[in-house]
Amino acid sequence: MPHEYPDLQADEQQLTGHWKDGKAGAAADDVDERILWLVTKRLLPKGLTADGWDSLFLDPRDSRFWELTFPQSSLFGGGPRQLSVLSPEAAAEKYGMSAID
């Protein structure tokens, strides 16, 4: 994974990673790697669902909530990542009021 990726832009609403075929099996594409970089280096963790699969993050630069999900969760390791903007109301409903405070 490269050292840095671009921060989230104001016009971005959703990032969806994909897996590409590699010699040793599936490999993450640049979008999937960027999502991993964002959630580990730029976004602040705010909540987690009871099953541990969906996570809520806050972008401290613009105060938008972002939800990390795995839409192809039937794949090994949960599949590629997806990062989507979540309204404060939806975040509070799914993750609880304490997550958005």
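**Entry 1: the core**

I looked up the largest nonpolar core in this predicted model and found 13 residues in it. A nonpolar core here is a set of buried Ala, Val, Leu, Ile, Met, Phe, Trp, Tyr and Cys residues joined through side-chain atoms within 4.5 Å. Buried means under 20% relative accessible area, exposed means over 50%, and partly exposed lies in between, with a 1.4 Å probe and protein chains only. The members that touch the most other members are Leu-8, Leu-15, Leu-38, Val-39, Leu-43, Leu-68 and Leu-83. The largest share, four residues, comes from α1. Helices (H or I, at least four residues) and strands (E, at least two) are DSSP runs, numbered from the N terminus.

I then listed the contacts of Leu-8, where contact means heavy atoms within 4.5 Å. Leaving out residues up to four places away in sequence, Leu-8 touches Leu-15, Arg-34, Leu-38, Leu-43, Asp-59, Arg-61, Arg-64 and Trp-66. Another core, of seven residues, lies apart from the largest one, and its members include Leu-56, Leu-58, Ala-91 and Tyr-95. My course note: in soluble globular proteins, nonpolar side chains tend to be buried together.

**Entry 2: conditions**

I noted that residues are numbered from 1 along each chain as its sequence is written, and that side-chain values use heavy atoms, with hydrogens and water left out. Since the model is predicted, local features need pLDDT of at least 70 and side-chain atom pairs count only at pLDDT 80 or more, while totals for chains, interfaces and linings use all residues.

**Entry 3: the sheet**

I traced an open sheet of five strands in the order β1-β7-β6-β5-β4, with antiparallel pairing. Two strands pair if DSSP finds at least two bridges between them. β1 (14–16) and β4 (44–48) are the edge strands, each pairing on one side only. Neighbouring strands are turned by 25° against each other on average, direction ignored. Axes are lines fitted to C-alpha atoms, for helices over the stretch in contact, and angles run from 0 to 180 degrees between N-to-C directions.

I went through the pairs next. β1 and β7 pair over three bridges, and Thr-16 stands opposite Gln-82 in β7. β6 and β7 pair over five bridges, and Thr-69 also stands opposite Gln-82. β5 (residues 55–58) and β6 pair over four bridges, with Ser-55 opposite Leu-68 in β6. α1 packs on the sheet and touches β1, β5, β6 and β7 (82–86); the direction of α1 makes about 125° with that of β1.

**Entry 4: the whole chain**

I counted three helices and seven strands in the protein chain. Along the sequence they follow the pattern β-β-β-α-β-β-β-β-α-α. The radius of gyration is 14 Å, close to the 13 Å that the globule rule gives for 101 residues, so the chain is as compact as a globular protein of that length. This radius is taken over C-alpha atoms, and the rule is 2.2 Å times the number of residues to the power 0.38. Of the 101 residues, 39% count as buried.

**Entry 5: Ala-10**

I found Ala-10 in the segment before β1. Ala-10 counts as exposed because its relative accessibility is 69%. Ala-10 and Arg-64 are 54 residues apart in sequence and 9.5 Å apart in space, C-alpha to C-alpha.
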